Amino acid sequence: MREYLQFFIDGAWVDPMQPATLDVDDPRTEQVSGRIALGAAADVDKAVAAARRAFPGWSATGTPERLAVLGAILAEYQTRMPDLADAVAEEMGAPPGLAGGLQVNLGLGHLASAIEALTNFEFETDRGSTRVIKEPIGVCGLITPWNWPLNQIAAKVYPALAAGCTMVLKPSEVAPYSAQIFTEILAAAGVPAGVYNLVYGDGPGVGAAIAGHPDIDMVSFTGSTRAGIEVARNAAPTVKRVSQELGGKSPNIVLDDDSFATGVGAGVSAMMLNSGQSCNAPSRMLVPNSRMDEAIAIARSVGAAVTVGDLADENAIGPVASKAQFDKIQGLIGQGIDAGAELVVGGLGRPDGLDTGYYVKPTVFARVRNDMVIAREEIFGPVLCIIGYDDLDHAIDIANDTDYGLAGYVWAADIEAARAVARRIRAGSVAINHAFDINAPFGGYKASGNGREWGDFGFEEYLEVKAAVGYAPA
């Protein structure tokens, strides 16, 4: 039983201002696995005050000092990777191969990326007689989700540190264990007191207090579009910068060529990663109507082969993170069936033999219309919709007919054809043949948010731009 009953404020573990706790469930067993302290506005005030006191000193450091701190974090992170993997497995139910693989390694990868970006980052440049100076924005509120907990924490904390900002982190109360270990890593690495602060809590109690706090200069939020709207509303009276990475309903256009079968199979597998709990999941697969039957046969084979809850299988998927998620996903699967979508594999209920835990059957619907609820709403589970298109223009129209614009995917043997399609998809990132680049800017269009994370693009969110006119030599 884990008990994390203190917050990390001003370089020390401290008790909450008012004692309150929250039970945390293990989604594999549906049993309580630990407790965390539950913060409130007074705890946020205390953490923000510490960050505000630390800002003048940390913002005045240069690149060498910040690189030294990031390097110390790297060394500590590497020693705690097994502990991080155990935490992610317990809080999310991620199988060992995923928890100790991508979940933990993405946190490490973002650190290496931030170190590389900081090494080469130019905080000052001259344009004629004007010096353009990029300065740290100030105290930052960082609010992160539960689905890729270390990835999301890392993608905010490292750039904020590198930019010279101080911060208050509120990790998801659904998956707080990895945040605790992460904080222990930063403390051991010698991050100066007050630069990094952690307060556990829920959205109404801590998230809203962070978003609306007058002494927080910027909020970076990752989560649902619904919650993102509330963050923006709470932040508006103080006119602070709000950077948001929100939901998605990403299209995956598979072109009609010799690689079609491979592309369909890859798209099904990619959708099931992390039990479908990814904001950029390729949840709408678009295939030519003339090859729909072929796509269904491939999807049935690949989907049926996905194992669930098998700890010995490195490719198995785990449960979804909570009962609320399980119930939401079951409801949407039911709506897909009721709307007349063709159920290819999966469906309602838990997989056979898994009577306990928030396990969802890997599910594929075919012949889905783009106006169906399952094609419009973010399901956030292992549920794929296959939609037919008549020609490429039709495919692009369907791909862009969504409120979201976080990601898109194109699969084709012809790279030039794939490039042409990628340019026409209205999304913040488009992966050709499921390529991945941890240094590429990540963020969305439309209801998927604003701002960008990852690599040097992520630094810009934490910087103000000052024009010192007449500063530079003429």
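Arg-127 has Thr-130, in strand E7, as its bridge partner. Strands E6 (residues 124-127) and E7 (residues 130-136) pair in the antiparallel sense over four bridges; pairing requires at least two DSSP bridges between two strands. Two residues separate the strands of this hairpin, and Gly-128 takes a positive phi near 65 degrees. Strands (E, at least two residues) and helices (H or I, at least four) are DSSP runs, numbered from the N terminus.

The model is predicted: local features need pLDDT of at least 70, side-chain atom pairs count only at pLDDT 80 or more, and totals for chains, interfaces and linings use all residues. Residues are numbered from 1 along each chain as its sequence is written, and side-chain values use heavy atoms, without hydrogens and water.

Now the pockets. On a 1 Å grid over the protein atoms alone, a pocket is an open set of points with protein on both sides within 12 Å along at least five of seven lines; lining residues have an atom within 4 Å of a point. Volume is the space filled by probe spheres set on the points, which are joined across faces, edges and corners.

| Pocket | Volume |
|---|---|
| Largest pocket | About 1,000 Å³ |
| Second largest pocket | About 900 Å³ |

Leu-102, Leu-273, Asn-280, Tyr-409 and Phe-436 lie nearest the centre of the largest pocket, among 42 lining residues. The second largest pocket is lined by 36 residues, with Phe-221, Gly-223, Ser-224, Arg-226 and Ala-227 closest to its centre. Helix H8 gives the most to this second lining, six residues. The second largest pocket lies between domain 1 (2-246 + 448-469) and domain 2 (251-432), because both give residues to its lining. Those domain bounds come from an automatic or database domain assignment.

Terms used
1 Å grid on protein atoms, 1.4 Å probe; cavity = no way out; pocket = protein on both sides within 12 Å on 5 of 7 lines; lining within 4 Å.
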